[in-house]
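This report looks at how charged side chains pair in the structure shown here. Please keep the sequence at hand while reading.

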Amino acid sequence: MTDDRRPGGSHADRFVGEQDLTTWRTRLGRSLVRCVRWLARRLGPHAAVLVPLVAGLGITVTMTVASAEVYESVMDQDDAAALDEPLLEAAMAVRSPVLDTVVTAYTHVGGVIGMPILAVAVMVALALVRRSWTPVVLITAAAAGSLLMTVAGKPLIGRARPPLEDAVPPYEYSASFPSGHSLNSFVVAGTVAYLLVLRQRARLSRVLTIAAAAVFATTMALSRVYLGHHWFTDVLVAQTLGAAWLALVITAHRLHLTVRRRGTGPVRP
């Protein structure tokens, strides 16, 4: 058997360690592959994978709407305030001029200017190193989905941010839910980590890559609370939505790998 894990091989992204991503062990996974294989026979392999991705985006937007409804119900009962206000007060208690400057500079990395620049730079670098369009497609799809969720979510609730007197300038005036910094950093960092892990053979390298992405996403979310730009529940729900969308993007990529490898052949457990 040839080793499809060799660098530059047509299926170099198939494995995470010894785990073959084109192997589906659950009944739901195998059913999903059968559906995509059916689409591939009619639409072609690339179009067949785009359909689940677009459907997944629709599901995620629906989840945004649903989470907004639940969120609004919780806020109406003031349950969230029991968590949000004490955490904001705790953040205010540890602020200092130096720390405020450092955290403000850091949070700009996940902002409307910093995050696109970072995402494009990493995307181009990965595409050149791998000599593949996969990083371009995945990172673009992931970022577009998270941006759509942010844009769709904010007007649904229109929740006000913490009071300006409790925030660190520069101030922000858009709706507080969901936190775009938290959502976008989670999705982009998670997608980049996934792409890196696919080409890392050492377990320690994979663990460190995932840990670095988790630290980046978590600290970016906490920076929003520290600065008083978002309530804690805003960043928490944003990261939950980000995790759901990231899972759908990865699943779409796995389906693409499966269709490329097996075509219309049988689905093996």
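This is a predicted model: local features need pLDDT of at least 70, side-chain atom pairs count only at pLDDT 80 or more; totals for chains, interfaces and linings use all residues.

Arg161 counts as buried at 13% relative accessibility, while Glu172, at 25%, counts as partly exposed. Here buried means under 20% relative accessible area, exposed over 50%, and partly exposed in between (1.4 Å probe, protein chains only).

Asp13 forms a salt bridge with Arg199, with 2.7 Å between the closest N and O atoms. Because Asp13 lies in the segment before strand S1 (15-16) and Arg199 in the loop between helix H7 (180-198) and helix H8 (203-226), this pair ties together parts that are 186 residues apart in sequence. Asp13 is buried, at 7% relative accessible area, whereas Arg199 is partly exposed at 30%. Together with Arg130, Asp13 and Arg199 are linked in a network of salt bridges.

## Another pair and the total

Arg14 forms a salt bridge with Asp20, the closest N and O atoms lying 2.5 Å apart; Arg14 is buried at 4%, and Asp20 is buried at 10%. The structure holds 7 salt bridges.

## Basis of the values

Residues are numbered from 1 along each chain as its sequence is written, and side-chain values use heavy atoms, leaving out hydrogens and water. Local features need pLDDT of at least 70 and side-chain atom pairs count only at pLDDT 80 or more, while totals for chains, interfaces and linings use all residues.

Terms used:
A salt bridge is a side-chain nitrogen of Lys or Arg within 4 Å of a carboxyl oxygen of Asp or Glu. Helices (H or I, at least four residues) and strands (E, at least two) are DSSP runs, numbered from the N terminus.
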